[in-house]
Amino acid sequence: MDKALQQHRAAIDAIDDEMLKLVNARAMHAQAIGALKGGGLIYRPEREAQVLRRVKENNPGPLSGESVARLFREIMSACLALEKPLKVAYLGPEGTFSQAAAIKHFGHAAHTEGCASIDDVFRNVEAGTVDYGVVPVENSTGGAVGTTLDLLLEAPLKVCGEVDLRVHQFLLRKPGTMAKAVKVYSHAQSLAQCHEWLNQHLPGAERIPVVSNTKAAKLASEDENAAAIAGEAAAEVYGLEKVAQNIEDEPNNTTRFLVIALHDAAPSGRDKTSLVLSSKNQPGAVYELLAPFARFGVSMSKLESRPSRTGLWEYMFFVDVEGHHQDEKVAQALAELRDKAAFLKILGSYPAAVL
Ligand SMILES: O=C(O)C(=O)C[C@]1(C(=O)O)C=C[C@@H](O)C=C1
């Protein structure tokens with residue numbers, strides 16, 4: 001047994017030495033590519049998606065596709081940091097799901113910077129104080145994030161990526177607290193995601209929406225009568241006790257984030273395009289407006305309406321379609337849409353999430 005264990009460990013050491021050489025050889029190629037880019041864009045979302053899809057497809061196992069993709073995510077993140085360390089803004093403070101999404105997408109070598117609001121994330125990307133921003137856009141239970149949609153409409157920015165993050169919520173208390181919580185702090189979206197659980201387990205408690213789950217955790221850490229709903233990372237930041245776990249009503253609770261930048265992405269082979277449009281205010285106008293997608297065989301993966309700020313009962317439609325705006329079918333549908341829509345803004349094309 002001891003001998004067998006030693007043999008396996010010796011084999012692992014030898015493999016680790018090989019891997020060290022290989023990852024560093026890979027890093028040197030990335031550095032050389034960085035030099036070839038000559039000050040142009042370093043981060044290439046389409047290439048990163050292709051690398052991750054390729055390792056998933058070629059993975060012989062026993063490691064899962066998901067595991068190898070996560071490993072390569074980190075290797076690429078470190079390689080990219082050698083070319084240029086990226087600054088990524090997210091809705092802070094530290095420990096939010098937005099930060100988890102930023103790290104999931106860019107890896108740990110990126111510098112993540114927490115902003116006080118979603119507006120601030122947009123402003124920082126626009127001003128160029130950061131390279132990218134990660135903003136929540138919809139949750140599978142709570143629905144669309146209106147602020148993000150409104151800002152996408154107005155800001156001169158592009159969408160260059162998407163991140164899907166499985167969200168688990170916890171009920172957090174100051175350690176050793178015995179009294180039943182009379183107040184529950186959390187972000188409005190998280191309160192919505194745990195609505196049924198709260199009805200059942202804390203029916204009398206006041207639900208108080210605050211700017212972030214981390215803020216909620218901070219408030220609960222200072223108040224024996226309060227609890228917070230937040231993720232595991234927020235619990236760690238404030239040393240709170242996890243009184244109940246996975247309290248989200250829907251087990252597949254997922255939040256989708258968008259990566260915003262001054263540019264979108266080149267085609268990766270499996271892409272999405274996000275756009276926002278409005279129709280003329282006539283009966284059947286919306287149906288007519290979206291007809292070109294059906295005619296050119298372009299699948300729609302999302303349709304979200306939002307009241308327009310300019311006219312009463314006028315709406316903006318946020319649409320995601322499958323394909324890149326340079327793909328022939330998508331380009332043809334968009335050309336037709338341009339004639340029909342009262343307003344059309346293409347928010348960007350980007351690789352469909354791999355991780
Ligand atoms: O292929 C490139 O353009 C690279 O810079 C290399 C690399 C990688 O490590 O694979 C690193 C950063 C880019 O975002 C994409 C890929």
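User: Which residue of β8 does V184 stand opposite?

Analyst: Please note at the outset that this is a predicted model. As a general idea, strands of a sheet pair through backbone hydrogen bonds, either parallel or antiparallel. In the case at hand, V184 stands opposite R207 in β8. The pair belongs to two strands that run in the parallel sense: β7, residues 183–186, is joined to β8 over four bridges.

User: What is the order of the strands in the open sheet of five strands?

Analyst: The order is β8-β7-β9-β6-β10, and the pairing is mixed. At the edges stand β8 (206–209) and β10 (241–245), each of which pairs on one side only. Direction ignored, neighbouring strands of this sheet are turned by 30° against each other on average.

User: How many bridges join β7 to β9, and in which sense do the two strands run?

Analyst: There are three bridges between β7 and β9, and the two run parallel. Within this pairing, Y185 is opposite A228 of β9.

User: In which sense do β6 and β9 run?

Analyst: Strand β6 (residues 170–173) and strand β9 (residues 226–230) are antiparallel, with three bridges between them.

User: What is the pairing in the open sheet of four strands?

Analyst: Here the pairing is antiparallel, and the strands follow the order β13-β14-β12-β15. The edge positions belong to β13 (300–307) and β15 (343–351); each has a single partner strand, so one side of each is left without a neighbour in the sheet. From one strand to the next the twist averages 15°. Seven bridges connect β13 with strand β14, residues 315–322, in the antiparallel sense. Among the positions that face each other, L303 is opposite V319 in β14.

User: What is the phi of N246, which is not a glycine?

Analyst: N246 has a positive phi of about 50°. The residue is found in the loop between β10 and β11 (254–261).

User: Which residues surround the ligand?

Analyst: The surrounding residues are R26, I33, K37, I42, Y43, R44, R47, E48, M76, C79, L80 and E83. By kind, this shell divides into six nonpolar, no polar and six charged residues.

User: Which atoms of R26 and E83 lie by oxygen atoms of the ligand?

Analyst: A polar side-chain atom of R26 is 2.8 Å from an oxygen atom of the ligand. For R44, a polar backbone atom is 2.9 Å from a ligand oxygen. E83 places a polar side-chain atom 2.6 Å from an oxygen atom of the ligand. On its own the ligand has 360 Å² of accessible area, and the protein covers 93% of that.

User: Which elements give two or more residues to the shell around the ligand?

Analyst: They are α1 (2–36), α2 (45–58) and α3 (65–83). The largest share, four residues, comes from α3.

User: Where does UniProt place the feature "domain: Prephenate dehydratase"?

Analyst: The UniProt record, an unreviewed entry, places that feature at residues 87–262. In the model this span is 32% helix and 34% strand, and its end C-alpha atoms lie 13 Å apart.

Technical notes
Residues are numbered from 1 along each chain as its sequence is written. This is a predicted model: local features need pLDDT of at least 70, side-chain atom pairs count only at pLDDT 80 or more; totals for chains, interfaces and linings use all residues. Side-chain values use heavy atoms; hydrogens and water are left out. A residue is near a molecule or strand if one of its heavy atoms lies within 4 Å of it. A polar contact is a pair of N or O atoms within 3.5 Å; within protein, one must be able to donate a hydrogen and the other to accept it, and residues adjacent in sequence count only if both atoms are side-chain atoms. Accessible areas come from the Shrake-Rupley method with a 1.4 Å probe; for residues, only the protein chains shown count as cover. Ala, Val, Leu, Ile, Met, Phe, Trp, Tyr, Cys and Pro count as nonpolar, Asp, Glu, Lys and Arg as charged, and the others, Gly among them, as polar. UniProt positions are given in the numbering used here, feature names are shortened, and annotations may be inferred rather than shown by experiment. Two strands pair if DSSP finds at least two bridges between them. Axes are lines fitted to C-alpha atoms, for helices over the stretch in contact, and angles run from 0 to 180 degrees between N-to-C directions.
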